[in-house]
Amino acid sequence: TKGKRAAQASVPMALLRDGEYVARVILMAGGRPIGRVTRPFTVARTGAAAAGASTPGPAPAAPAALVPFTSSVDAFDRTAVLTRPVVGFFIDRLNVKGVPPVPAWLLPAIGYARMGRFAEAAGIVGASGSTHVAGRFITGLTDLAAGRLDDAARQFAAAVGESPEFFPAVFYLGACYASAGQDREAVIAWRSALVTDPAAPWVHTLLADALLRSGEAPQAVDLLRDAARLWPENDDVLMRWGTALSRAGQGDLALRVLDPYLSRHMDDGDRLLLGMRLIYEARTAGRAIESTGVDRARFMKYFDAYVAIKGADLARAREWRKFVDR
């Protein structure tokens with residue numbers, strides 16, 4: 001109506017625990033606030049809804065079905081989401097309820113994209129002149145692979161604008177943000193992707209990595225606790241859960257989570273150093289995580305493995321050892 005404006009925004013709520021909250025909106029113009037609105041609300045899940053909040057989707061049927069995925073906690077690498085298995089995972093999910101079926105002429109382009117031949121796939125899309133969301137998705141993949149982050153983000157955003165439930169485009173829009181170092185924006189996108197289809201553990205771990213890089217360790221802890229229930233033997237999940245716990249100030253629990261992981265990965269220098277540091281910090285605080293003897297033996301096991309791989313911070317580890325070995 002005349003003199004009035006309406007605006008709408010949405011915030012994924014899946015990571016909020018049950019409880020009382022206040023939503024606050026600030027309207028800005030020219031860098032200055034011109035209006036504020038606050039509204040209380042309650043998150044209260046029961047029955048099936050509560051189960052869905054802690055386990056947002058079905059676990060994979062078997063470890064063999066998991067898509068191979070490698071990524072770093074400290075820095076996002078877009079090539080990790082452009083491998084053939086990962087791209088294939090999303091191509092298998094192109095048909096979305098409420099979106100017209102993928103047209104037959106797009107099938108060759110989809111085949112090229114599945115093989116990682118993005119330029120050839122985009123050529124078919126471009127020649128057609130179609131704006132089907134699957135075509136935008138393929139063009140976005142091509143731009144992302146070439147490092148054209150802004151172009152890729154526009155393609156994925158256009159697909160999401162036409163179909164907000166188009167999970168593949170939502171996920172890769174988050175990848176564009178993470179590639180540009182905009183982790184907070186990536187978190188928003190990946191939270192939506194997590195709620196929509198959490199069928200792979202790396203959807204959780206990528207979101208957790210972005211949360212950790214954004215300084216949101218407690219939220220990463222909650223997310224990874226749920227992921228560990230879904231994939232209790234997945235080492236990528238356990239490693240990140242332990243890392244998040246340590247950054248959230250829960251060092252004792254972090255070591256209990258990390259120790260089984262380290263028993264299988266004695267070549268992970270960063271986590272070996274973290275394990276030694278957690279034991280050292282407990283000792284300097286005058287307490288034991290398990291017991292003095294168990295802690296000392298565990299430290300020495302980590303230290304010997306760290307020496308064997310010629311860890312980058314041996315000098316510091318040796319100083320810690322002198323204290324722990326008293």
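Guide: Of the contacts in the protein chain between residues at least 6 apart in sequence, 56% join residues at least 24 apart, where contact means heavy atoms within 4.5 Å. The model is predicted, so local features need pLDDT of at least 70 and side-chain atom pairs count only at pLDDT 80 or more, while totals for chains, interfaces and linings use all residues. Residues are numbered from 1 along each chain as its sequence is written, and side-chain values use heavy atoms, with hydrogens and water left out.

The protein chain has 15 helices and two strands. These are DSSP runs numbered from the N terminus, with helices (H or I) of at least four residues and strands (E) of at least two. Of the 326 residues in the protein chain, 43% are buried; buried means under 20% relative accessible area, exposed over 50%, and partly exposed in between, with a 1.4 Å probe and protein chains only.

Start with α10, residues 217-230. Its 14 residues should span 20 Å at 1.5 Å a residue, and the end C-alpha atoms are 20 Å apart, which agrees. The expected span is 1.5 Å times one less than the number of residues. Among the buried residues of α10 are Ala-217, Leu-223, Asp-226 and Leu-230.

Helix α11 covers residues 235-247 and reaches 18 Å from its first C-alpha to its last, close to the 18 Å expected. Eleven of the 13 residues of α11 are buried, so that the helix is mostly covered. The buried residues include Asp-235, Arg-240, Trp-241 and Ser-246. What covers them includes α9 (201-213), α10, α12 and α13.

Pro-260 and Asp-235 are 25 residues apart in sequence, yet 9.1 Å apart in space, C-alpha to C-alpha. Pro-260 is partly exposed, with a relative accessible area of 35%.

Two helix pairs come next. Two packed helices are described by the angle between their axes and the distance between the axes. Axes are lines fitted to C-alpha atoms, for helices over the stretch in contact, and angles run from 0 to 180 degrees between N-to-C directions.

Leu-255, Asp-259 and Leu-262 of α12 make the contact with Arg-298, Lys-301 and Tyr-302 of α14. By class, this contact has three nonpolar, no polar and three charged residues. Ala, Val, Leu, Ile, Met, Phe, Trp, Tyr, Cys and Pro count as nonpolar, Asp, Glu, Lys and Arg as charged, and the others, Gly among them, as polar.

In the second pair, α13 (residues 269-284) and α15 (residues 314-324) pack at about 40°, with axes 10 Å apart. α13 and α15 are therefore oblique to each other. Residues of this contact include Leu-273, Met-276 and Tyr-280 of α13 and Trp-320 and Phe-323 of α15. The contact of α13 with α15 divides into eight nonpolar, one polar and two charged residues.

Lys-310 lies in the loop between α14 and α15. Most residues other than glycine have a negative phi. Lys-310, although not a glycine, has a positive phi of about 55°. Lys-310 is exposed, with a relative accessible area of 70%.

Note on methods
Angles under 35 degrees count as roughly parallel, over 145 as roughly antiparallel, 65 to 115 as roughly perpendicular and the rest as oblique.
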